[in-house]
Amino acid sequence: MIQAVEVLIQAIPYLLGGAVLTVAAVAGGMLLGLLIGLPMAVAQVYGPRPLVWLVRTYVWFFRGVPILVLLFLFYFGLFQLFDWNIGALSASTLVLGMTSGAYQSQIFRGAIQSLAKGQFRAASALGLSDAQAVVHIVLPQALRLSLPGWSNEYSILLKDSALAFVLGATEIMARTQFVATRTYQHLALSLAACGIYFILTWVGVRALRLLERRVAVPGFGNQEAR
Amino acid sequence: MTESPILEIENLSKALGGKPILSGVSFSVRRGEMKVLIGPSGGGKSTLLQCLNFLHLPDAGRILLDGQAVDPRQRKSLYAYRQKVGMIFQDYNLFDHLNALDNVSLALRKVKRMPRADAEARARAELARVGLADKERLYPAELSGGQKQRVSIARALAMDPQVMLLDEPTAALDPELIGEVLTVIRELARSGMTMIMATHQMGFVRSMADEILFMQEGRVIEQGTPEMLLDVECGSRTLDFCTHLAEFESGGGE
Ligand SMILES: Nc1ncnc2c1ncn2[C@@H]1O[C@H](COP(=O)(O)OP(=O)(O)O)[C@@H](O)[C@H]1O
Ligand SMILES: [Mg+2]
């Protein structure tokens with residue numbers, strides 16, 4: 001027991017260093033997912049047929065294949081094939097981002113489709129171009145409506161990021177394993193990892209909840225439902 | 001009066017879902033005129049008004065503004081035309097995430113490229129014109145139906161339209177709120193705005209309409225001044241329809 005505490009105290013800074021990498025991978029993944037998912041959602045709702053079809057294929061692919069398989073496919077497969085030498089952490093971030101992009105596109109698509117169509121027509125009637133209507137009318141509302149789904153996606157991606165360990169990225173899970181195999185304190189170290197993941201989830205979800213309140217508009221969306 | 005018409009509609013046709021909705025609608029509108037569309041629900045009034053702004057692309061026919069045919073396939077000319085033709089919808093269609101001031105000023109900034117300060121000054125003036133000077137900070141959800149419709153009128157007016165299209169602007173309103181919106185529209189007509197308006201507010205039509213177009217099954221089947229079409233002796237279909245409307249409204253137990 002005492003030994004466990006000693007190991008823990010010594011290991012905490014090392015584990016927290018892993019947490020920084022985890023956060024980097026998840027933040028990068030969320031951001032990349034946003035950059036991929038938002039245009040895909042717009043394309044799926046407003047785009048021409050071939051584009052809709054392309055987006056649908058993308059989404060089906062990333063939703064249909066386990067992340068673990070995707071990590072192997074890209075890191076040991078495609079990136080190698082094209083001689084693209086990036087680190088395990090960067091590779092994991094990319095794969096997490098591409099996967100999240102598929103899920104995020106569906107969050108945004110749902111939000112866009114839930115908006116009243118009349119506002120788009122009103123914007124057109126004022127002389128706004130379709131692109132302007134999307135940027136100034138559709139997206140500000142759709143993004144607000146997407147925040148709860150986005151927060152959910154964050155907590156999922158955070159947990160998925162633990163898989164980066166299999167590529168050798170030295171994130172939380174990998175470091176937990178290093179220390180545990182050396183010290184045999186599996187239970188204590190696993191609990192520590194649990195604690196770190198839990199705190200990261202809580203902080204992220206909380207922050208997004210605050211953001212949701214900050215951008216809330218009276219009588220709009222779901223802020224009054226709670 | 002030999003002045004040329006501001007808007008000419010020639011042979012407009014439109015099918016939706018394989019069904020003809022408008023069949024060869026033609027009429028022209030003089031500057032400052034108030035044209036009223038009346039007719040049974042499903043007769044094509046909304047479709048016609050939306051075609052007049054190319055929210056629906058007509059299948060056939062032409063629209064001329066100031067003698068110039070509009071080509072909706074050319075984006076530039078389409079967006080320019082839409083700025084000149086304001087549209088008011090039955091269900092307001094305010095931008096839900098923007099307060100009254102931003103609802104009115106957005107298109108000034110993004111379409112007319114006005115600096116924010118100028119756009120807001122103009123928006124304030126338009127809100128004052130519709131009697132909402134003190135409501136600029138309120139969001140659509142915080143406004144009554146009548147106030148929302150007045151914001152939407154201010155939003156259209158801010159673009160300096162030459163023609164306004166109004167699609168049953170009071171149909172979604174509680175009876176006690178209809179008056180405030182009609183008052184604004186009446187003022188607008190008096191100030192010389194050209195308008196095409198679908199409405200069944202017969203008191204308003206009798207006093208304000210220069211001409212009534214009675215629409216049924218996608219055609220204008222009667223056309224004339226209120227005196228011509230609503231005289232008790234005239235035997236017009238318009239009168240027949242309006243009489244039934246009045247009976248329904250007085251006898252209807254809604
Ligand atoms: N998008 C659409 N697809 C198919 N039919 C439509 C569509 N929009 C309207 N219609 C039909 O067009 C007809 C005319 O509708 P509308 O122009 O709204 O008439 P009004 O405004 O006079 O009540 C109705 O029969 C309606 O069902
Ligand atoms: Mg209608």
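## Some ground rules

A residue is called buried when its relative accessible area is under 20%, exposed when that area is over 50%, and partly exposed in between, using a 1.4 Å probe and protein chains only. Glu136(B), for example, is buried, with a relative accessible area of 14%.

This is a predicted model, in which local features need pLDDT of at least 70 and side-chain atom pairs count only at pLDDT 80 or more, while totals for chains, interfaces and linings use all residues. Residues are numbered from 1 along each chain as its sequence is written, chains are lettered from A and ligands numbered from 1 in the order in which they are written, and side-chain values use heavy atoms, with hydrogens and water left out.

## The sheet in chain B

Helices (H or I, at least four residues) and strands (E, at least two) are DSSP runs, numbered from the N terminus. Let us start with an open sheet of six strands in chain B, whose order is S6-S7-S8-S3-S9-S10 with mixed pairing; two strands pair if DSSP finds at least two bridges between them. Strand S6 (85–88) and strand S10 (219–224) of chain B stand at the edges with a single partner strand each, so one side of each has no neighbour in the sheet. From one strand to the next, the twist averages 20°. Angles run from 0 to 180 degrees between N-to-C directions, and the axes are lines fitted to C-alpha atoms, for helices over the stretch in contact.

Strand S9 (residues 211–216) of chain B runs antiparallel to S10(B), and five bridges join the two. Here Ile212(B) stands opposite Gly224(B) in S10(B).

## A helix packed on the sheet

Helix H5 (residues 145–157) of chain B packs on the sheet, where it touches S6 and strand S7 (163–167) of chain B. Contact means heavy atoms within 4.5 Å. The direction of H5(B) makes about 170° with that of S6(B).

How many of the 13 residues of H5(B) are buried? The count is 12 of the 13, so the helix is largely enclosed by the rest of the structure. The cover over these buried residues includes helix H5 (118–125) of chain A, together with S6, helix H3 (100–110), helix H4 (116–129), S7 and H6 of chain B.

## A closer look at Glu33(B)

Glu33(B) is found in the loop between strand S2 (19–29) and strand S3 (34–38) of chain B. Its relative accessibility is 4%, so Glu33(B) counts as buried. The side chain of Glu33(B) reaches the backbone nitrogen of Arg30(B) at 2.7 Å, and a polar contact of 2.8 Å joins the side chains of Glu33(B) and Lys35(B). A polar contact is a pair of N or O atoms within 3.5 Å; within protein, one must be able to donate a hydrogen and the other to accept it, and residues adjacent in sequence count only if both atoms are side-chain atoms.

## Salt bridges

A salt bridge is a side-chain nitrogen of Lys or Arg within 4 Å of a carboxyl oxygen of Asp or Glu. The whole structure has 16 salt bridges over all chains. One network of them links Arg30(B), Glu33(B), Lys35(B) and Glu211(B).

In chain A, Arg209(A) and Glu212(A) meet in a salt bridge (3.5 Å, N to O). Both lie in helix H8 (residues 186–214) of chain A, three residues apart, and both are buried. In chain B, Arg137(B) forms a salt bridge with Glu136(B); Arg137(B) is exposed at 52%, whereas Glu136(B) is buried at 14%.
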